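Hello,

Here is the structure I promised to pass on to you. Please have it open while you read, and my notes follow just below it.

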Amino acid sequence: MANVLDLRRRIRSVKSTRQITRAMKMVSAAKLRRAQDRALAARPYAQRIASVLASLKRRIEVLDPETGNLRHPLFAVRPEKRILLVIISGDKGFAGAFNTNILKASHQFLALCEDKEVDIEAIGRKARDQMRRRYGVATHDVVQSENPADGSPLTHHVRRRKSRIEVVGDHPGLLEKLNHRVVRELAEEIIRRYTHAEIDACYVVYNEFKSVIQQRVVTERLLPLIEPGSHVIVGATEQTAEERQYAATVAAEAGISPFAEDTSEADEEAARFGTSDVDYIYEQPATELLNGLLPSYVAAMLFHSLAESVAAEHAARMTAMDAATNNASEMIDSLTLYMNRVRQAAITKEIIEIVSGAAAL
Amino acid sequence: MATDTQLQVTLVTPERILFDTTAASVDLPSRTGRIEVLPGHAPLVAELGAGDVTLQGSTLETTRWNVSWGFVEVLPNRVTILANDAVAPAAIDVDAARQQLEHAHSLWNAAGDDAEAYDAANHVLEEAQARLASAENPAS
């Protein structure tokens with residue numbers, strides 16, 4: 001039987017763990033609130049870009065008569081032989097099943113691409129580490145050439161594919177300080193690879209987050225674009241009812257509304273952008289306008305996915321840490337009970353010893 | 001709200017709405033040159049370049065903003081600016097802008113005869129120049 005001192009020590013240790021998990025829960029709640037605000041604040045831009053795009057579709061000169069869609073390389077549909085998969089996970093653990101769910105969805109997607117070449121762009125340390133271990137990193141050969149303009153040396157990096165699935169790109173710290181500029185660079189890089197036909201499609205795996213009780217892990221197609229303003233979801237895993245209920249309770253305790261904020265008024269206003277029923281003067285030719293709009297649109301979609309994923313990660317951590325705090329409390333209770341029993345047993349034993357000693361006299 | 005002599009001006013960046021206010025007129029950097037918008041302007045959609053957006057007759061504290069790239073929609077009584085990036089001139093990091101300028105020059109030199117790289121370098125260059133000009137402009 002353990003002695004009282006050992007038990008007291010264990011209780012103290014569990015108590016300090018509980019303190020940490022409780023603090024982490026509170027921090028996550030605060031971060032979640034900020035992430036939610038940020039995701040919400042990013043919407044007006046994305047919606048306005050989508051509505052100008054939609055109104056541009058009415059202009060005849062940019063419409064492709066064969067497909068009835070916009071004439072632009074990003075709308076070109078090719079047979080999917082090479083795919084870029086963007087996986088958005090978290091940087092840190094302690095977030096329940098958040099990272100596991102993302103990785104599970106990614107592996108499901110990869111299992112479907114049996115004979116296709118897949119490049120993985122992993123955002124978030126968790127996905128990066130696991131994908132690198134499993135599939136290896138893309139390698140590049142350095143090739144030297146001369147600048148035809150002035151003869152100065154130029155270095156090129158030429159990709160050398162070693163296996164069917166490889167990890168390209170590394171984005172440390174992108175999630176920590178979500179910044180549109182960096183996201184836009186990433187979007188432009190993806191667009192460049194698509195227009196140069198290095199990839200035939202681009203998919204994104206991320207945790208969609210409308211509110212704490214409206215979440216799902218989705219696989220969404222980013223490119224080729226078919227219908228601007230709509231999301232093409234190819235796979236989705238919903239929250240279980242149990243998870244949803246628990247998340248709602250925790251959110252209520254932390255003072256976070258479990259429902260998505262009502263933005264219908266702002267949405268309506270955004271939808272009117274560039275679509276008024278008037279004959280606009282287009283300062284640039286519509287095709288040129290389109291060339292400028294599409295990168296912004298893709299960047300906004302990517303930013304939206306990232307912002308929602310960050311919010312979802314904090315929500316997941318908040319729930320997980322609440323569960324951990326509760327477990328710690330339960331453990332302390334049962335340990336305290338056990339300790340009291342042990343102490344009582346020791347006292348009883350001593351009394352018996354004294355009594356039987358006295359009786360023997 | 002906007003009246004006959006007032007414009008409703010909104011500046012939206014990918015991260016948030018920076019302001020939504022009224023003004024008597026707005027000066028914008030479009031891709032092909034500066035435009036000044038007064039109430040009653042013809043409906044217009046234009047691509048935004050790099051430069052300063054200046055508001056006249058508004059109640060805002062900062063009436064000059066450095067923006068780079070994006071779009072603008074002009075309606076007779078409303079102007080919506082979608083900028084990829086917008087900062088107040090006072091908040092511009094001059095050292096970073098100088099570094100960007102240097103970086104742009106090196107990109108420019110490395111571009112060779114690759115038209116795409118050349119365009120990209122020009123893009124960075126214009127942005128850096130607009131930033132520096134905006135930060136050094138005392139009238140704000």
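The part I looked at is an open sheet in chain A, built from 6 strands in the order 7-4-3-8-9-10, with mixed pairing. Please keep in mind that this is a predicted model.

Let me start at the edges. Strand 7 (165–168) and strand 10 (232–238) of chain A each have a single partner strand, so one side of each is left without a neighbour in the sheet. On average, neighbouring strands of this sheet are turned by 25 degrees against each other, direction ignored.

Two helices of chain A pack on this sheet. Helix 3 (residues 98–112) touches strand 3 (82–88), strand 4 (117–123), strand 7, strand 8, strand 9 and strand 10 of chain A. The direction of helix 3 makes about 150 degrees with that of strand 8 of chain A. Helix 4 (residues 125–135) of chain A touches strand 3, strand 4 and strand 7, and its direction makes about 150 degrees with that of strand 4 of chain A.

Now to the pairing itself. As a reminder, strands of a sheet pair through backbone hydrogen bonds, either parallel or antiparallel. In chain A, strand 8 (residues 201–211) and strand 9 (residues 214–223) pair in the antiparallel sense over 9 bridges, and a hairpin of 2 residues joins them.

Best wishes

Technical notes: Residues are numbered from 1 along each chain as its sequence is written. Chains are lettered from A and ligands numbered from 1 in the order in which they are written. This is a predicted model: local features need pLDDT of at least 70, side-chain atom pairs count only at pLDDT 80 or more; totals for chains, interfaces and linings use all residues. Two strands pair if DSSP finds at least two bridges between them. Helices (H or I, at least four residues) and strands (E, at least two) are DSSP runs, numbered from the N terminus. Axes are lines fitted to C-alpha atoms, for helices over the stretch in contact, and angles run from 0 to 180 degrees between N-to-C directions. Two residues are in contact if their C-beta atoms, placed from the backbone, lie within 7 Å.
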